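Subject: Handover of a structure and notes on its contents

Dear colleague,

Please find below the structure that I am handing over to you.

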Amino acid sequence: MKEFVVTVVKDEIAPVARPRLQHSGLDGVHSQQWDAVVVGAGVAGATIARLLAKRGHSVLLVEKKQFPRYKVCGCCLNLRSLRHLDEWGITEKLNTLGAPTLDSLALHSGGQQAQIPLPGGMAVSRDILDYTLAEVAIEGGAVFLPGTTASLTDSPIGPFRSLCLEQGEVAQTVTARLVIAADGLGSKLLRQSNGSREEIAARSYIGMGAQVVDTDSALSLGRIHLYCSAVGYVGAVRIEENKVAFAAALHPKRLRDSGTPADSIQSIYGAVHQEAPACLEGAKWQGTPPLTRRAPTITGERLVALGDAGGYVEPFTGEGMAWAMDAAAYLDEHLATYRPAAWDQASATWEGVYKKKILPQRIWCRSISTALRFPRLTTSAVACLSWMPSLSSTIVSAINRPKPS
């Protein structure tokens with residue numbers, strides 16, 4: 001892999017003060033038959049790229065955006081996520097960047113409030129987290145191609161699957177023993193592979209996110225604030241560099257009726273008898289497709305889906321990040337039981353592993369997100385927790401326990 005050189009390019013409009021991660025270009029990548037091409041350098045994609053590269057496999061990590069880049073939501077890492085990052089030697093890097101630790105969750109609904117202790121965690125922007133994971137993947141031996149789109153070209157030929165990579169007007173075809181689709185909600189690669197489309201839940205909310213500089217509000221350091229109403233809910237947490245990350249899940253119809261995301265957020269604060277922080281004025285909101293969804297299948301010929309591409313349930317205190325890391329670790333362990341030449345067999349059996357080990361982790365969040373659709377039920381639950389906070393210990397412990405073997 002020494003023929004590939006990773007350089008940095010200055011980017012004056014980068015969302016954080018870091019140099020742009022940049023590979024030297026498409027020249028040369030087509031001459032190698034890769035063990036794995038990972039499409040999408042989010043948490044799941046960068047993690048599996050690093051894990052496979054550390055095992056000595058040739059790995060090409062492809063990302064359509066330039067890094068660093070802003071991404072909606074996912075600023076909270078729970079204790080389960082931090083166990084992974086500790087194991088991979090990444091937590092120390094994040095600590096040096098000023099990411100605050102988390103110790104509690106404040107729930108607001110109607111006129112009720114409850115404080116729930118968290119066993120640990122960290123709040124860090126996706127700009128920094130994904131950038132750091134990509135750096136670590138590169139250090140582990142993966143080759144990174146940001147600013148590059150990927151499409152499947154045809155059915156597998158022999159032991160390889162081919163993709164077309166494009167950077168502007170330049171295109172190259174690469175081949176891999178396995179394509180890992182970590183390309184997010186509504187995975188393009190899954191659709192190209194088997195023609196299936198994700199099933200979107202009838203009550204699915206739309207995600208919204210924004211980051212703002214805030215030195216004045218009373219938002220506590222180390223605490224996740226979650227405000228719930230009939231419009232949806234919005235979470236706020238302090239992250240590095242005097243910034244606050246806001247992540248909302250909004251009812252699609254109510255969002256349309258209100259006019260703008262900012263109006264919907266204001267109405268949520270009003271419903272819980274709270275004044276919206278002044279720092280939200282003028283915030284630039286970025287949205288997502290409908291959040292809660294299920295992929296009918298997460299495999300194709302020499303292709304597996306990972307992370308949000310495999311389906312999604314609304315998380316609350318960093319569960320989404322933990323699911324992505326767990327899934328990457330499981331896939332790494334699964335592929336290790338096969339020779340790379342037999343990764344077509346590994347892809348065929350990945351669905352069973354995913355259903356057994358990943359999907360059960362989402363039960364608590366699915367139940368909570370369903371309950372949040374009913375404001376009176378939510379307010380009653382928050383009132384109970386305010387009187388008996390020990391009731392939350394079972395849920396918190398289940399969410400944060402180590403990855404099952």
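The notes below describe what was found in this structure.

**Basis of the notes**

This is a predicted model, in which local features need pLDDT of at least 70 and side-chain atom pairs count only at pLDDT 80 or more, while totals for chains, interfaces and linings use all residues. Residues are numbered from 1 along each chain as its sequence is written, and side-chain values use heavy atoms, with hydrogens and water left out.

**Overall content**

The protein has 12 helices and 22 strands; helices (H or I, at least four residues) and strands (E, at least two) are DSSP runs, numbered from the N terminus. Of the 405 residues in the protein, 56% are buried. Buried means under 20% relative accessible area, exposed means over 50%, and partly exposed lies in between, with a 1.4 Å probe and protein chains only. Among contacts with a separation of 6 or more, 73% are made by residues 24 or more positions apart, where contact means heavy atoms within 4.5 Å.

An open sheet of 7 strands runs in the order E7-E6-E15-E16-E17-E14-E18, and its pairing is mixed. Strand E7 (112-117) and strand E18 (286-290) are at the edges with a single partner strand each, so one side of each has no neighbour in the sheet. On average, neighbouring strands of this sheet are turned by 15° against each other, direction ignored. Two strands pair if DSSP finds at least two bridges between them. Strand E15 (residues 223-229) pairs with strand E16 (residues 232-238) in the antiparallel sense over 5 bridges, and Ser229 stands opposite Gly232 in E16.

Helix H7 (residues 261-271) packs on this sheet and touches strand E14 (206-213), E15, E16 and strand E17 (243-250). The direction of H7 makes about 90° with that of E16; axes are lines fitted to C-alpha atoms, for helices over the stretch in contact, and angles run from 0 to 180 degrees between N-to-C directions. Ser264 lies in helix H7 and is buried, at 0% relative accessibility. Not counting residues up to four places away in sequence, Ser264 touches Val231, Leu250, Arg254, Leu255 and Ser258.

**Strand E3 and its partners**

Strand E3 (residues 33-39) has 6 of its 7 residues buried, so it is largely enclosed by the rest of the structure. E3 pairs in the parallel sense with strand E12 (residues 170-181) over 6 bridges, and Val39 has Ala181 as its bridge partner in E12. E3 also pairs in the parallel sense with E4, over 4 bridges; here Val38 stands opposite Leu61 in E4.

**Helices H8 and H9**

The axes of helix H8 (residues 319-336) and H9 come within 10 Å and cross at roughly 140°. This makes H8 oblique to H9; angles under 35 degrees count as roughly parallel, over 145 as roughly antiparallel, 65 to 115 as roughly perpendicular and the rest as oblique. In H8, Ala327, Tyr330, Leu331, His334 and Leu335 meet Trp343, Ala346, Thr349, Trp350, Val353 and Lys357 in H9. By class, this contact of H8 with H9 has 8 nonpolar, 2 polar and 1 charged residues; Ala, Val, Leu, Ile, Met, Phe, Trp, Tyr, Cys and Pro count as nonpolar, Asp, Glu, Lys and Arg as charged, and the others, Gly among them, as polar.

Ser347 is also in helix H9 (residues 343-357) and is buried, with a relative accessible area of 2%. Leaving aside neighbours within four places in sequence, Ser347 is in contact with Leu178, Thr299, Gly300, Arg302, Leu303 and Val304.

**Backbone points to inspect**

Most residues other than glycine have a negative phi, and most peptide bonds are trans. Phe67 and Pro68 are joined by a cis peptide bond, with omega about 5°; Pro68 is in the loop between strand E4 (59-62) and strand E5 (76-78). Glu241 has a positive phi of about 60° although it is not a glycine. Glu241 is in the loop between E16 and E17 and is partly exposed, with a relative accessible area of 47%. His273, likewise not a glycine, has a positive phi of about 60°. His273 is in the loop between H7 and E18 and is exposed, with a relative accessible area of 62%.

With kind regards
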